[in-house]
Amino acid sequence: MQFRMLGPLQMYDDRRRAVTELTSPLQQRLLKALLAHPNALVPASVLVWELWGGRPPGKAGNALQAHASRLRRAMERAEPGGPGAARLVARDAGYLLRVGPEELDSARFRLGVRRARALAGSDPEEAGLLLRQALGQWRGDALAGPRGPAGDALAVVLEQERLGALEAVFDLSLLTGQHRRIVPELREAVLAHPARPRFREQLGRALAGPRRTPPAGGGRALRPVPPAPGDARSGGPGGDGGAGSGELARLRALVERIASDQHALRSAIAQLSELVGRTAA
């Protein structure tokens, strides 16, 4: 079974290809709190706070036990014949949720990011594809719906990781000449996250990229370079339109493009390294 957190919380049975969603807000809060600490014992007092905050019901321990039992039965229904009954374990005045990393979409997302980081320096196009595949697992806001403090904290972490991966995708796309493709995506990102200046900077670079004039004979577009004094294009003194001035301008444009690409690659690798560093922590 899979626990899907990158969007509204779902339990997904791989064999039946069936999705189960919890209808009880308190059971959603409980499962999200347990998923924030997979395979770790979460004290009952912490779970009571997750469900009811500072206003727990009378006999809160009994109420928590009842909701845990209902959640266990929901897992059994979501995964007939599976280990549903053994997943949620009551132990030492707390509860533990048994879940493998392959059963978490968040873990698969993070694995995709790590693989992309390993390839960013040698194969930026493949690294970009891996990042897009990882981001494709997102279905909406992380852990959308009712949640307590632990669920809130996990949702914030996951969202920051998503945005970091998205920034890295755009850097790699700019590096590999996909400026036109990502302009609509960047405009959407700028509108959705106005306080994130990185997206605005990337949008400016992407818009500049489609305006570049391709060199004669095809190939990658070069960044336009202002004409130097004496260049025939400037109309200034000494502009005789000779082959030397045109070759000089071409070489200058080539050097600038290489420097820009190196900067974009370093930026993409730094973004991926920071994202994976936060994940490992």
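Is E201 buried, partly exposed or exposed? In this predicted model, local features need pLDDT of at least 70 and side-chain atom pairs count only at pLDDT 80 or more, whereas totals for chains, interfaces and linings use all residues. Residues are numbered from 1 along each chain as its sequence is written, and side-chain values use heavy atoms, with hydrogens and water left out. E201 has a relative accessibility of 33% and therefore counts as partly exposed; the class lies between buried (under 20% relative accessible area) and exposed (over 50%), with a 1.4 Å probe and protein chains only.

E201 takes part in two pairings described here, with R198 and with R205. A salt bridge is taken as a side-chain nitrogen of Lys or Arg within 4 Å of a carboxyl oxygen of Asp or Glu. Between R198 and E201 the N to O distance is 2.6 Å. These residues are 3 apart in helix 9 (residues 197-208), so about one helical turn separates them; helices are DSSP runs of H or I with at least four residues, strands are runs of E with at least two, and both are numbered from the N terminus. In the salt bridge of E201 with R205, the closest N and O atoms are 3.7 Å apart, and the two residues lie 4 apart in helix 9, again about one turn. Both arginines are buried, R198 with a relative accessible area of 17% and R205 with 19%. Together with D171, the residues R198, E201 and R205 are linked in a network of salt bridges.

By the same rule, the count comes to 13 salt bridges. One of them joins D13 to R15, with the closest N and O atoms 3.7 Å apart. D13 counts as buried because its relative accessibility is 2%, whereas R15, at 56%, counts as exposed.

The axes of helix 7 (residues 149-175) and helix 8 (residues 179-192) come within 10 Å and cross at roughly 155°. Helix 7 is therefore roughly antiparallel to helix 8. Axes are lines fitted to C-alpha atoms, for helices over the stretch in contact, with angles from 0 to 180 degrees between N-to-C directions; angles under 35 degrees count as roughly parallel, over 145 as roughly antiparallel, 65 to 115 as roughly perpendicular and the rest as oblique. The contact (heavy atoms within 4.5 Å) involves F170, S173 and L174 of helix 7 and H179, I182, E185, L186 and A189 of helix 8.
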